[in-house]
Amino acid sequence: MKKFIERYIFDVTRRLPKENQEEVKAELSANIYDMLPENPSEEEISKVLHELGHPREIANNYKEQKRYLISPLYFEDYIRVLKIVFIIAGVISLVVTSIDSIIDANHESVFEAIGYVVGRTIGEFISTIISMFAIVTVIFWLIEKNSIDIKPNEWKLKDLPDLPEPKKTNISKTNTMVSLIFHVIFSVIFIIVLLRYIPVIAWYENGTLITPLLNENVTDQFIIFFMISAVVGLISHLVQLYVGQWQVKVAICYTASAIISLMIGLLFINHPDLISSGFVTKLASVMDQSTTYISNGIRNIVIVVTVIAVIGTIIDLISIWLKTMKPKDDKKTA
């Protein structure tokens, strides 16, 4: 019977530094026998040992310096930094990689192009998050390792954080309704134009159609994707209205909608055959320039629009995610 006690004590002490093992062994043995009656049964021994806890936990309690990758002293700061880094790096990765993929995409089918963009964007996003996790963890580990301690009185009043503003995390129903109305109206008009009016948006001379502006074969391929984007955007608005506050699920929905809209929009305007060759030729003749000059000019305009859209989306998404993470801080300070 007593072998169970000895084995228990051995399991505890083998996890401790050698210089502490004998002392802990004596102390733990005394505690266990104090809890047991004379001539204890196996059941009584089992009950006492289970009341004490797993040998790993007991050994951990005896350790003077507990081992952590990130200790409790830094853990909250570590999590806070991780959230901020994930938000900024994640958003930048999603947007920049999707744009880079769009520029690189050279597929005849829109389905293949979107599949390539989505696959590469998700892959780069996961890679970025893992890299950022490793970098932040190593930095905090180095801080811990080099004992850069926070001394109790080594802080100033001005270092205290500002009180949170909970109202900023609420979603304005009025603004969301207005945004929803414009989203629906714009989406419906745009899709109707793609469905019916592309052939008549053209260069006219004396009321005669000379050449269409856009290549209908290209615009037709995108109609279904603009419909999907419109539906996702509609769902995102409805979720915002229903929840009424920036929470993770709302932010995820909003981010998905923004990325999908941006990706499809930029794939559309960056399509090399979007502007009809007849229109480029006609414009070049009127401006007395070469078609190459006109094509390069159109391409430069598309690049400027792409850059503005990317920057705007990055700023918007970072702002949304920072708002989303704010309520948790509010709870801690409440």
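Is D11 buried or exposed? With a relative accessibility of 19%, D11 counts as buried, where buried denotes under 20% relative accessible area, exposed over 50%, and partly exposed the range in between (1.4 Å probe, protein chains only). The structure is a predicted model, in which local features need pLDDT of at least 70 and side-chain atom pairs count only at pLDDT 80 or more, while totals for chains, interfaces and linings use all residues. Residues are numbered from 1 along each chain as its sequence is written, and side-chain values use heavy atoms, with hydrogens and water left out.

The protein contains eleven helices and two strands, assigned as DSSP runs (helices H or I, at least four residues; strands E, at least two) and numbered from the N terminus. Along the sequence these elements follow the order α-α-α-α-α-α-α-β-β-α-α-α-α. Of the 334 residues, 33% count as buried. Contacts are defined by heavy atoms within 4.5 Å; among those between residues at least 6 apart in sequence, 74% join residues at least 24 apart. The protein exposes about 21,500 Å², of which carbon and sulfur atoms supply 62%; accessible areas come from the Shrake-Rupley method with a 1.4 Å probe, and for residues only the protein chains shown count as cover.

The interior was examined in terms of nonpolar cores, each a set of buried Ala, Val, Leu, Ile, Met, Phe, Trp, Tyr and Cys residues joined through side-chain atoms within 4.5 Å. The largest nonpolar core has 20 residues, and the members that touch the most others are V91, V95, W246, I314, L317 and W321. Helices α5 (72–104), α9 (248–269) and α11 (291–333) each supply at least two residues of this core. When neighbours within four places in sequence are left aside, V95 is in contact with I259, L262, V310, T313, I314 and L317. A second, separate core comprises 17 residues, including I191, I223, I264 and L267.

Helix α5 also holds S93, which counts as buried because its relative accessibility is 6%. Its side chain makes a polar contact with the side chain of T128 at 3.2 Å. Such a contact is a pair of N or O atoms within 3.5 Å; within protein, one atom must be able to donate a hydrogen and the other to accept it, and residues adjacent in sequence count only if both atoms are side-chain atoms.

Four salt bridges were identified, a salt bridge being a side-chain nitrogen of Lys or Arg within 4 Å of a carboxyl oxygen of Asp or Glu. E205 pairs with K282, with the closest N and O atoms 2.6 Å apart. Because E205 lies in strand β1 (residues 202–205) and K282 in helix α10 (residues 277–287), this pair ties together parts that are 77 residues apart in sequence. E205 is partly exposed, at 33% relative accessibility. Salt bridges with shared partners join D11, R14 and R15 into one network.

On the surface, V184, V188, I192, Y197, V200, I201, Y204, L209, L234 and L238 form a nonpolar patch with about 790 Å² of accessible area together. Patches are made of residues with over 30% relative accessible area and no salt bridge, with like charges joined within 9 Å and nonpolar side chains (Val, Leu, Ile, Met, Phe, Trp, Tyr) within 5 Å. Helices α7 (173–197) and α8 (216–243) each give two or more residues to the patch, and the largest share, four residues, comes from α7. L234 is found in helix α8 and is partly exposed, at 32% relative accessibility.

Positive phi values occur at two asparagines in loops. N39 has a phi of about 50° although it is not a glycine; N39 is placed in the loop between α2 (18–35) and α3 (42–52) and is exposed, with a relative accessible area of 75%. For N206, phi is near 55°. N206 is placed in the loop between β1 and β2 (208–212) and counts as exposed, at 85% relative accessibility.
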